[in-house]
Each structure stands twice: as structure tokens, then as C-alpha cells.
There are 6 protein chains.
Amino acid sequence: MTRNPHTFIGCDAEYAESGIVIFGAPFDSTTSYRPGARFGCSAIRNESFGIETFSPYQDRDLAYMRIFDGGDLDLPFGSPEAALDAIAAQADEILGDGKIPVMLGGEHLVTLGAVRSAVRRHPDLRIVHFDAHADLRDDYLGVKLSHACVIRRCHELVGDGRIFQFGIRSGDGAEFEWGSEHVKTCRFGFSRLADAVHEIGDAPVYVTVDLDVLDPSCFPGTGTPEAGGVSFVSLLWALKTALRLNVVAMDFTELSPVYDASGASTALACKILREALLLLGGRNT
Amino acid sequence: MTRNPHTFIGCDAEYAESGIVIFGAPFDSTTSYRPGARFGCSAIRNESFGIETFSPYQDRDLAYMRIFDGGDLDLPFGSPEAALDAIAAQADEILGDGKIPVMLGGEHLVTLGAVRSAVRRHPDLRIVHFDAHADLRDDYLGVKLSHACVIRRCHELVGDGRIFQFGIRSGDGAEFEWGSEHVKTCRFGFSRLADAVHEIGDAPVYVTVDLDVLDPSCFPGTGTPEAGGVSFVSLLWALKTALRLNVVAMDFTELSPVYDASGASTALACKILREALLLLGGRNT
Amino acid sequence: MTRNPHTFIGCDAEYAESGIVIFGAPFDSTTSYRPGARFGCSAIRNESFGIETFSPYQDRDLAYMRIFDGGDLDLPFGSPEAALDAIAAQADEILGDGKIPVMLGGEHLVTLGAVRSAVRRHPDLRIVHFDAHADLRDDYLGVKLSHACVIRRCHELVGDGRIFQFGIRSGDGAEFEWGSEHVKTCRFGFSRLADAVHEIGDAPVYVTVDLDVLDPSCFPGTGTPEAGGVSFVSLLWALKTALRLNVVAMDFTELSPVYDASGASTALACKILREALLLLGGRNT
Amino acid sequence: MTRNPHTFIGCDAEYAESGIVIFGAPFDSTTSYRPGARFGCSAIRNESFGIETFSPYQDRDLAYMRIFDGGDLDLPFGSPEAALDAIAAQADEILGDGKIPVMLGGEHLVTLGAVRSAVRRHPDLRIVHFDAHADLRDDYLGVKLSHACVIRRCHELVGDGRIFQFGIRSGDGAEFEWGSEHVKTCRFGFSRLADAVHEIGDAPVYVTVDLDVLDPSCFPGTGTPEAGGVSFVSLLWALKTALRLNVVAMDFTELSPVYDASGASTALACKILREALLLLGGRNT
Amino acid sequence: MTRNPHTFIGCDAEYAESGIVIFGAPFDSTTSYRPGARFGCSAIRNESFGIETFSPYQDRDLAYMRIFDGGDLDLPFGSPEAALDAIAAQADEILGDGKIPVMLGGEHLVTLGAVRSAVRRHPDLRIVHFDAHADLRDDYLGVKLSHACVIRRCHELVGDGRIFQFGIRSGDGAEFEWGSEHVKTCRFGFSRLADAVHEIGDAPVYVTVDLDVLDPSCFPGTGTPEAGGVSFVSLLWALKTALRLNVVAMDFTELSPVYDASGASTALACKILREALLLLGGRNT
Amino acid sequence: MTRNPHTFIGCDAEYAESGIVIFGAPFDSTTSYRPGARFGCSAIRNESFGIETFSPYQDRDLAYMRIFDGGDLDLPFGSPEAALDAIAAQADEILGDGKIPVMLGGEHLVTLGAVRSAVRRHPDLRIVHFDAHADLRDDYLGVKLSHACVIRRCHELVGDGRIFQFGIRSGDGAEFEWGSEHVKTCRFGFSRLADAVHEIGDAPVYVTVDLDVLDPSCFPGTGTPEAGGVSFVSLLWALKTALRLNVVAMDFTELSPVYDASGASTALACKILREALLLLGGRNT
């Protein structure tokens, strides 16, 4: 009798043979409003058996791809710096082995750990950022390592003009003002995504998807639901566009399953992850 | 003092004078993911007093129609064949009396019982199928009578080219492949519905509505919510189109009220049922 | 050490210096289906700290406006007449001081209290009414003061042709028939709003927003969710249009937070209120 | 095909042959804290099929008794006086036919309607009152007809020394002071119940059970849960004791099913009702 | 990078070195009231990381024991006979290897599969049965393989006088009558458990724990909550007594986590399982 | 028009005249299992209007006491050290003014901030600790400032033999071993509380109540529910005993209202706080 596997559906390849590696970063200590994103990554894994491996959107099947699911990291709650170190170490290993890390949050701060790793390997990194929130604060109640500051911290690593934001519909006035000089922000939707893809060209790209970019009607399971977001179909289209880029790492954050007892938010996250994995993995075929 | 009535709102006519007969099929034993559809039919009846009998979409009123609500069948959980027999017997009685049965599920497998009855009386039966899932598996873990196989079983009764699917956005690769040869599948929406209506012409039709064809944003109360579905208004339009056909029987399945504590899913199901009854009943007026 | 303030976010000005005054009317005794709207006003206040004071839709910030939040009235449940008296007295004081009252319900009946006050001061008052329900019944089970009759009661105060309804998609046949002669009803959406704004011109206007005008997909947190409603973006656009009128008082009713455990409905209500306050307050700037 | 019955489990006798008559009073307009008791009576009826008709506590079976379930009254929300009139009329009819009314609330105010009827027929009526709350206020925010005043209103009908309260653990200081002179209050439990039974002797008795007398651990489904209550077994024992009296009418109030998603509160209410019916009906056997 | 383990806390030994083997039987197709027990076994595994491996009740630690967790079986919903075959096959393998199977349900019917296996190996098997329900029906709506009949089916395998029931407080009259001649039933609690242990002596024993034997106050997360049950501490004491017997197999069934959103029921199940494993594993030390 | 107060019920005295000062510490960043305790303090304040100011247990009334409620601190999530500094500063101010701080958590780590302040002023401080968990870990995943380590950190401040634990029923083996040498632990209940009170005598005491000491049956609203806890009545008795000591500061932590949708946990916390305030304030009367 052998131990039962416990992976995202269809992602049961061995590490050595896989070009894509999933791992979870169950951390939400800096969430300022409603916590719970720590349960996002395990919920996605647990509920993925409710969807199919085949995508009728792409006519491709996860069952025929080679993806490894490394499970969740053990992260110390209450210690953001230690958590980011552990995340960066995991990303370092995966990137060092020539594979693409796909991280599942957790809150959005976890992105900083993976970006630190990616920028060490790719100094000319671009960041494509889907989110309801600008996340450009310099600090939050005096704290620099907060989910509300994560893209500001990323900017310190990649510099002006290399971060492209989409779907943004919340932030304080100072964030939007600062952002207008240092990052490229597309409010409310994806209208300027094709331009950004053209501008980025062949440069290495980190794609970070804060799932609260989605409208709360289809994705209420998040800590800070913001009305006026994008639909599932729009996000799917945006991923089809963005994942044609030279993506070196990716993440999905801010699913907080406890806030959606229907399970529809988790199910949507599973489908978006399936589609993204199929897009990432199918680029060479 | 007389016993209190307990029917869907406005459906308190006597059986003999009614052209349409509602009954419930509270069964969900083969549901593979999240059960609860057994409570769909009673929830629709209980919550229907929260809506009006008048439709502002059609300017018609259920209060002026003659519809009988026969309550729910007593179905043995764990014994699909016995449940299907009981459903077919109920449909036989209604069809035999020259009335239109409108069955409320329950899981989608219950459709097979009513289709068996309808096809005995109408050997040239066509099936119009609204659903998120193809339901075309030959078996599910070795079991032939499963909600995931129900349309495949129906196909064995009606044959090639007589099943028209709409809204499909989930299934395994084999289902879509098999389906491309034996049924007519319209993915994601209703774009080919008008064509189907034209093709069907005057033939007798069974309309089966798996309510998870709706997007989980407006209908999270179902066992397997699939993002990317149709809106309430789209489904209403599709019913207006399909119910001009020679409909001999109809069903609505897969409302699982426990997954939507807001009650919005049940309320939507009540409204869709009201509109469908008004459309069915108003055809001769 | 001073006592902590408890106001809607950014609305901590002194009464004397404020042109807009918020107050809550936590009453839902006449709700016929599912109660809970009594908790709407306090939920909006409590959860408002989850949104920003800055609006990316208007590039304006509540932090730079002068708005007073007077908290919630103490209303006697089970005694609608006494509750309406208390509401009218509060509105009288605010209107008498030359300020705009913005009332947060509570069920929709509370509107009658504020309209009674507004019409005393502005006999030529018009009412712009956003709602899923016509609310034009003459009585409900013999009761005249019911949420289902509130606009009929308002009509008795302002007369024919002065009430403009939008988004209506539920009512009994008699309501729609009566309404066609006495009020101007736009079903399902806002298609005739621009015409109404033009017709109203400079007349004083009371704007009443029953939040169930929104589709339950984005606003399930209400007692009687009605499928087929408007989106957040549509409502926002409609408010931008309507609040250019000479608005003398306003209300938002029928948030019932207990029916949406995700909090998305309350969050949406907070944003709509923020946008409306910015629109109201920004008219002279 | 005949219409389906919809009664409390096992209570499907004809009215004429029944000695006990159940009816529901779905009213909660005066609830001052959290409404929802209006759904108590229908929840008990709907969920009763989850329990058995046989009682292992009494070795008796409801299936062998003759009880009529008359369904729920249509009560006008927002108009307590009209609601109480309708309740009293229903109780008058049942008492006039020589039967015992068993009313299911609804909030506790509904008791006043039935007590008005009972005291007309039995001027020497005693009231046995199980509750967490004293309900002895003279008014609540100026309103006399409030659930918080119901026993005070009953006292006006039956006079000093004829009301016996048990389980009381909440009230304001004035209530306890007034109560000490006019009613007999046993705090926290049933320690003086046997004495009261002895004192009452053969006098006609109205038994009113506010189910929040139970501890919230076993009965969280109520508007105002009060820690420190009695257990199911204690309440069962107390009913065994009290129902040996000459009970002429009875009620169970304040189940608010929405506050207990587990259904355990409703299931407990069903069992307590079954036990009470068996005790009432078995007195002559 | 190796695949992450996914076992009950502390149960990560290899199969070969383990004396106890856990496996899950996620099946609930015959549940007649509220389904959901299929999610019990995975919930116990997922949530077990919220408890400690050390027991302050026994001063023992799971971390020092050798237990294998084999994960959940893939069982076909809707086909009870096939599910029971799969369960029996799993139990056969474990018993054949000289180990003790500890099965996690699922509904109570799954017990029959494991008992079939145990009785083949131990023809003189006794069954110790903790439950709220007698489960002694001969059939349920004509179906023999139902959770409501499971102990009756077991009786057909082990014969008269070999089944000892405790905590029983629900059943129909016929069950209690039949039971009085064929099994030994202790109603409501464990008062006769010590006698039973003495009577059983050294015979091989199957212990089946339907967790709804617990009071719904501490265990609301089950399909059919029955008031008047035992406390956690009582059940723990009963297990300490019963597990001194020659236990050859054991199960825990009927946790239905969806009905207890607080998670307390699942957490309790985790602790009871920990204590049982420590008791089973510590017998030789 | 004046700004509305927002305090715990009956606690609206001015700061200067008050001997007891309530404040909230909404922090839960180090919670390792299920977060949400940050909402405990505001839930207690918001829901307190559902209880009375009068206690039938003590025949005293909060309305006649002088208590100030200072609202909640603004604490930076993700930065435990900064949060503890802010808490200690608040406690310093209150203790410096000769008043008793009563802090509402938040997770249990917040206790450390207030204990740091208390021990500066009272170097011979004793700690009376009610909890399900020992909280004696030296670190948790390498982090020293964690809720799982809070009493270990307190021990570093007060030394051996000065911490008295009650109700403890969870911890790892090392915690219990270490605890047996350095603190006085009473497992499961309060059996040794009277002894501890006698031993402590007149020394200054900090009383910390982790509300998960209560059984999850009456208090499911907490992050880590542990079966086998104490009842409300037991805790009330224990407080009556402990609050006769020379209490200089007190706290209540770990209410996580989101996990108990019934509101019973929050209501219980409100009552326990009322009783504690009456006991603290009534010591001199």
C-alpha cells in the first residue's frame, strides 16, 4: 500500500521531469482587513478534484503535461521577513533548476519573496500585475513589509517603468499620484494590455495575479472585495495575452476561501490555475 | 379548518383541470462532488412565496393559469434504478393524462427517468439540454447510472443527432470527442439555439435545464459551480426561444440550496420556473 | 484619552461645518419576507474602514470634504408610525439647518419618514427611485405602512407624474397597472434616466436607492434578491447622472448584511455611498 | 393525483377527530435585537421529517395519536395589534371546539394573542413560563406591544401570583424588582417547578416555552442567545412535570433557524414538540 | 524536492512497520436526510494539523507511534454494493497483514464493508456500537443497503447477542422492539458498558463509532443531529473502557463538516481519533 | 446634534472619573491556525447592546458604575514588536493614572504587551491564566513572539512559580514537561483555583482569560476550538473566585466571531465581560 498523492489535479509528475513547479505560500500575517488568504493554496489543491483536467477553452489537457506540485511551505506567522526568505529560497531552487515556479498565496506580500529571487536571476525583470488594489503605499501604519506595499517594494527592485498594473480600482490618492510617475497603471480593466505586451517584448516577466482583480460577483472569497472588477472571461482572455510573454515565474494570491461558503471562488481559482498552467506549458507545442 | 396548501406560488389548481403538472424528484445519490440537490425542489416550493406571480418580462400572471403541484416523490437514496422507476411512473401518469410534466430535481440523473417515459410515448423525441457539463461519460468509476453519464444514457434512447446541448464548458477530453460525433454541442452559450429550433421544427421535445448552466455569480447554489456561465437574462431569452417548440416535458435540476446561504440562487430558480411555466402555459393563448 | 469616533470613513467633520449629514434608520419591522435590513446602517459604518476615502472613479477624496455622521436613531420595532415620526424629526432638523440628509436604512419604509419632512419644505418635490420592486401596493395584508407600499404613500404626498422609477422588475399586476397612470416607471434598468433628468430640471429632488436594484450577483445581501438587476458600474453611472439634479435629500436602503457572509454586499454599499457623497459634495466645486 | 400533505411529522389527522391542533404564528416585527423567528414555525414543519415519530423517552408514537396541523397564519408584519387579533381568533376557534391549541412562533409576543383567547374562556388561567428573559418591561422604547413586554401584558390579564417563570437569566433591574412583587420567578433553572405544579393544582394552565430558555450550546438558533441556560434533558424533564397540569393551551416560540446553519436548533425544537405532543396527548391513556 | 506528505497528524510511518492503518471511505449515497459525510475523512486529515500529537489525557504522543495513513478510497457514488466491495477489499488487505484497520467515514453504511471483512477472519466477532440511532431497520423505502439498516445487516453476519449498542436515542418503534430480542441496547448513554466489556471478555471486537452519538452541542457537524447525546468527556471515557478489549478493527463515521462552519466538530473528531489511536497503539506498552 | 457614542454597553463614563478602562487590541498576525481574533474586540462592543447592563447573577448593574471604553488601538499587522509596544504604552498610561486596564483581544500574544507594562509597575506580579492551551513553547517555527509562546515570554518577566494556569488541555509534550518545573498548571478545569488564590494572597495579579478555555459547545467562535473545556457557569464561578484577588490588570482574548455565525460566542463574551467588570468594580462596595 502506497501513500496517497495530494496534488493539484493532474499535476503528479516527478520534479525532475517537470518544467513547471507549483508551491504554496500560506501566509497572511500582514493582511490589514480580513485575514484568511493563508488557506487559499490548500483550498485550491483540495477542491481541484471538482474540476476536469481538460480545458474546453484551449482543447488541451493537464493530464498530458508534466507539472510537479511541491505542496505548501511551512511559514512562520507574524514574521514577514522570515517568510519572505523561505519563499525566495524555494523560488531560487526552482529557478536554479531551469523551471518555472507558480506560487499560490497567501496574501499578496508573498509575491515579494518570489520577485526577489526572480530579479536576482533576471535583473531586467518586468512585472505584469493584475489587481484591484495599487499596493503602492510606502508603508502601512509604519510597516514596510505589508500586502498594501508589495508592489512599491517590488519597484525598489526593478525600477521605473517596468511594472504594468491592470484592473486597479482602489488605493489612496498618494498611491495613484506616485504611481503615475513610476509604474504604468491601467485602471478598472485590461484596455492597455496589448500595448504592454508589445512594449515588454522578449524581456523576462513575472506575472502576479491578485485574484481580487475579479469582480466580487464571481469571486467573493477574498479579504477585501472591490466592486467593479473584471469577469472570469476577461481575466482568462488577459492571461491568454500575457502568458505569451517570456514568463519566468508566476503567482496567484488572495483567495480567502472562508469568505465564500459556496465554494465558487475556490472553483474559479482552480480553473484559472488550470488555464494558466496549460498556457504556460503549451507555449512550446 | 382545512389543511394548508403547500405548492409553488400560484400553482394551486386541481389536477384534472391542469395542463401542466409540477413534481419534485429529491434525489442526489450519484452526485460525485458535493451533494445537496435533493433539497432543490422543496426549497423552490418553500421560497416561492418570496416572488410575485406576475411577470414583468411577459406581462402575464401565474394566478390566471391552471397548474397542479403534486409535491415531491419519496425516492430511495442509494438505489438509482428504483428512483428512476418511480420517476418514470410519475411521468407516465402525467403524460398519459395528456399533461406536461415539469420535474424539479434533484441531481441531473433524474432526467433519465422522465426521458424514458417521454420517449416511450414520443419515439421521435428530441432533447434540448442546457448545462455547464457535457454529461456524456459512458461510466463514472464503473457506474453507468451517474449524473455525469445522464445525457449519454439519454442518447442510447433517442439516437444520434437528436440531442442539442448549450452552455457546455466542462467535461473530459473523451466526452467532447464522442459528443462531436453523436450530439450537437454548443459550447459556453446559446449562439446556435435559433438554428436548433429551426432544425427541430414540430418534433416533440424534452427540455432539460441543469441550472449550473448559469454563471456561479448569479447561481452559486449548486454542487459543481463552473465559472464562465450564462446570465439570468441570457437563460430567460433562451427559454423564450426554446419553449416555442413542441415541448412535451421539462425539468430543472441541480439547485443545491445549502451552498448559497443568501437564498439568491433559490430565488432565481423560482423566477426561472415562473417564467417557464408562463411560457409553456401561454403558448395557446 | 478621548472617546473613539465611530463614523463612516472620512466623515468626521463637526455638524456645524458640514453640508451633508449621514444618519442611520435601523428599522425593518414591516419586511414581509426576510428581515435583517435593520443591521444595514451599522454594517456600512463598521465595514467602511475596509475601503479607501479616495475614489479612482472621480479622482476625489472624502478626506477633503466636510460630512457629519450622526450615528443611528433609536427606533421602536413593531411601531412603524412612531419610527417614521422619529425619522421625520431628524430630517426636519437637518433640512432646517440647510444641510442635505443622507439616510441609511433599514427597510425601504423609512424613506416615507424622510420624504414627509422633505415635502413639507419642498412642496414641489420630485422623487427619483431606484429599486427592483415597484412598492406601489395600496396595502399589504391590510397594512398601509409597509415597505411594499412606500412609494404609493409617497405618491399621496407628491402627486401624479412626480415619481420616476428605475430598475423595476417585480410587482403584482395591479401595481404595474396603477403605476402606468400615476408614476413613470422604467423597467429593468436606467434607459430613460437622461430623459427624466431633463424633465425634472431645477426642481428639488429626493433620491431613494433601494439597493436591491442591483443584481444579486453583486449584491446578494438583501431580503428579497431579484435576479436580472443592474451592475455596480451601471448604478454608479446612474448616480452620476441623477446627482447632478437639485438633490435635497437622499437615502440608501435594504442592505441586509446577514445574507451575504462574504461581506461583498456591505463593501459595495460602502463604495456606492462614498461615490454618492463625493458627487453630492462636489457639485459646487 | 392528490395534493401532497405538509404537516409536522405524524400530525396528519383530520381536524374533527383531533384533540390537539398545531398552528404557526410567523411574526417577529417587535424583535428588538436580531429578527428571524418568523421562520421558526415553517422550519419545524419542514425539518420534522428528519426525526422519528417514536419517542424512546416515553415509548410512545405520534403515529398513533390524532393531531391536526393547520399550517401558518398570514400575519401582517409591522402591525402587532392586527397580528394578535388574528392569533386570538385562531385560538378562539380551536378552544371553542374543545381542542388544545399548540402554537408555534414567531417571536414571544405572539403568546399574548393566544393568552387573550385562553383567559376569556378560563378567567382563572395560570401561566407557566419557560424563558431566558423576564419579559416584564412595561414598555420598550415607548411601545407596549413588544416581545420584551409580553409577560407584563399577560399579567394585566391574569393578575398577581398567577404567572410562574423558570430559567430566567436576563432582564433589567426594574423588571426583576417589579417581578418580585407580582410574579413568581425562578432564576436560571427549574428548581421550584414541582412546588409550582403543586400550587397550581387543577387550575387551567397556559404553558409558554420561549426556546431561548435552552443554553445556546444546544440551541444557538435564536435571536438573543443567553449563556447559562438549561439543557435539552432538563427541559424535557420540566415538560414532563408541567404537562401533567390541566394545560388548555401551549406555545413554543423564538426559534430563529437562520442563526444555526447546522440545523441542530431546529431539530431540537422538533423533538421537544414531539415530546410535548406525546405528553399532552397521552394524559388520558 | 519531494512530494509533500498528506496524512493525519503524526501518522507518517511506512505501511510495513505500522500496526495500525487508517483509511477513508468517502461515501454517503444512502444518507436519507442531509448528505455530506463523504467529506468527513478528508476534513479530519486536513484539519488535524490544528491539534497536537500529544495527549494530556493519556500523557502519550502520536509522534512516537507507528501508524500508516493510506488516504481515501475512490468509491462510486450511487452504487452501495460496489462501494462496500471496495471497502471490504481494503480491510481484507490490512487484516491479512496482521494490522488493525481504522476506517474514517463517510456515512454509517461503510461499516458493513469492514465488518464483512472482519467477520470472515473472526467468525466469533462482537460489535460495540456507539450511535444516536439504532440503525436496525430491515429496509428503508425498500432498500436493504442503507445507513438506517447497517446494524441490522451486521446482525445477519454475527447473530443474536453479539451486538452491543450505546447512546441510542432515535429509531422507530419496530426497531426498538426487534432490537430488544436480538441485540443489547443501552439507551442514551454508556451505563451498561462495563458489563458489556466483562461479557465480551477476550472475543475479537469491531468498534464502530457513529459520531452523532455525541450531543449536537459539541458535535453539530452531522447529518442528523439528535439532542440529548453524550459529551466529549463521556465518549472519551467510553473509548478508554472499550478499547481495552481485543479490538481487531474500528471506525468513525458520520462527521459531515459542512454543517458546522465553526470547525469545532471536525476538531473534536480529530481529538477523538488521536485518543483512540493512542489507546489502540498503547495496549502493549 | 452630537456624535454618537460607541462603547461597550453601560461603559460611557468619562476617563477621569473611571476606575476601570477598557481598550481593544485588534491583532492576530501570529495566529498559526485560523485567524480572525482581530475582530473580537469590536464584535464585543457592537453586540453588547444585545445584553442587559443588569446581572441577575450578582444583582448589580453596569449602569451605576464608572467605566471608560477607549475604543480599539490602531495596530500594525505583521509587526508583533510594534504592536506590543503600542499595547504597553496604552497600559502604561492607564496604570499610571491609577486605573485598571481591561484589554480585549485580539490573539493571546497581546497579553505580553500589557504584562510588560504591569510588571514594570508591579515587579512581584502574579499571573492567573485561564486557557485551553499551555502557550509555553519557547518558539514556534523559530519565532519567539507567537501566541503559542506568550506565557513562556511572560515567565521570563515574572519568574518561576508565579504563573497559575487553569483549564489547560492542549500542548506538546515538551511544554507540559517544561511547565511542570516552572509554572503551576491545573489541567482541564479549576480544581486548584482556591488553593492558588490562597497562595497568591495580597500580591498584585494580572488575570488573562483566553476564552478558548470554554468548551466549544458554548464558545465555538475561536481559532482553535478544543473539546473538553469548561462551561460558562464554571468560568463565571472561577472569575468570582479569582477577581477577589488584588487584580491590577486583566484581559480577554481569542474571540474570533467569524467562526460562530450564530453570535452566541460573542454574546457569551459580552456577558463574561459584564460580570468581570461588575466583580472588579464592586470590590470596594
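D:Asp59 pairs up with E:Arg187 in a salt bridge, with 3.2 Å between the closest N and O atoms; the term covers a side-chain nitrogen of Lys or Arg within 4 Å of a carboxyl oxygen of Asp or Glu. Keep in mind that this is a predicted model, where local features need pLDDT of at least 70 and side-chain atom pairs count only at pLDDT 80 or more, while totals for chains, interfaces and linings use all residues. Residues are numbered from 1 along each chain as its sequence is written, chains are lettered from A in the order in which they are written, and side-chain values use heavy atoms, with hydrogens and water left out.

Here is the interface of chain D and chain E in brief.

| Feature of the D–E interface | Value |
|---|---|
| Salt bridges | three |
| Residue pairs in polar contact (both at pLDDT 80 or more) | seven |
| Buried area | about 1600 Å² |

A polar contact is a pair of N or O atoms within 3.5 Å; within protein, one must be able to donate a hydrogen and the other to accept it, and residues adjacent in sequence count only if both atoms are side-chain atoms. Buried area is the accessible area (1.4 Å probe) that two parts lose on being put together, summed over both. Of the area buried here, 56% is on carbon and sulfur atoms. On the chain D side, D:Glu52, D:Pro56 and D:Ser262 lose the most area to chain E, together 32% of what that side buries. As for contacts (heavy atoms within 4.5 Å), 20 residues of chain D meet 21 residues of chain E.
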